[in-house]
Amino acid sequence: MRIVFIVLFSLLISACSSAPSKISYYLLDGAITNVVKQPKQTAGKQITLQKLQLAKYLQSASLPLLQQDHGVIYANQHVWAEPLQLSIQRVLVNDFNYYSSHQLVLDNMPNAINSDHQLQIHIDHYSATDSSEAILVGTYWLSNDKTISNGQSFVFKRQLNVDGFSYAIGQQRQLLTELVKMIANDITK
């Protein structure tokens, strides 16, 4: 009887122990390849990013996948290495410096008080979808001492031709560059 108990106990313990699942971590600004740093053009305007607001479902560390039936699936084994909001802010600042004549600063930087414009961005969707697309959807507002814009909506999409989160994040990263170029063109007008 004692041997049977020991064998059953050993089986129970071995059944409870399993190899831990591997978690993959992703950096948004490390996902792009072949970025060519362009020399800074003539000095443009300075813009302060006053506010970057993400939809609630984007505040999770797990990568989301949007479904056509309006659902969200989180990939618990695939997570952001840092809060997405911080990554997006850093990417926006870097892209403004590389792809436009304007300079973007964060509101907590010392030179933010000298800005010509203030920028607020609300991101509704920034994810891969189950229809094999990477999407970036939201609205931004530009203001200066004289005017406040009504809000400019944006929708950017890229087809996902390769499976995997690494590829999808690389495409999502490119969507932020498209947003920067749109905002920079709006400022230049």
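Biologist: Buried means under 20% relative accessible area, exposed over 50%, partly exposed in between (1.4 Å probe, protein chains only). Where does Ser132 fall?

Modeller: Ser132 is partly exposed, at a relative accessible area of 34%. This is a predicted model, where local features need pLDDT of at least 70, side-chain atom pairs count only at pLDDT 80 or more, and totals for chains, interfaces and linings use all residues. Residues are numbered from 1 along each chain as its sequence is written, and side-chain values use heavy atoms, without hydrogens and water.

Biologist: Thanks! What is phi doing at Ser132?

Modeller: Phi is positive there, about 60°, although Ser132 is not a glycine. Ser132 sits in the loop between β6 and β7 (133–143); strands are DSSP runs of E, at least two residues, and helices of H or I, at least four.

Biologist: And His70, what is its phi?

Modeller: Phi of His70 is near 75°, again a positive value in a residue other than glycine. His70 belongs to the loop between β3 and β4 (72–80).

Biologist: Is His70 buried or exposed?

Modeller: His70 is exposed, with 77% relative accessible area.

Biologist: New topic: how many cavities of 30 Å³ or more are there?

Modeller: One. A cavity is a set of 1 Å grid points where a 1.4 Å probe fits but cannot get out.

Biologist: Which residues line it?

Modeller: Lining residues, with an atom within 4 Å of a point, include Leu63, Pro64, Trp80, Ser127, Ala128 and Phe165.

Biologist: Which element supplies the largest share?

Modeller: That's α3, with four residues. β3 (62–66), β6 (117–129) and α3 (165–188) each give at least two.

Key
1 Å grid on protein atoms, 1.4 Å probe; cavity = no way out; pocket = protein on both sides within 12 Å on 5 of 7 lines; lining within 4 Å. Points joined across faces, edges and corners; volume = space filled by probe spheres on them.
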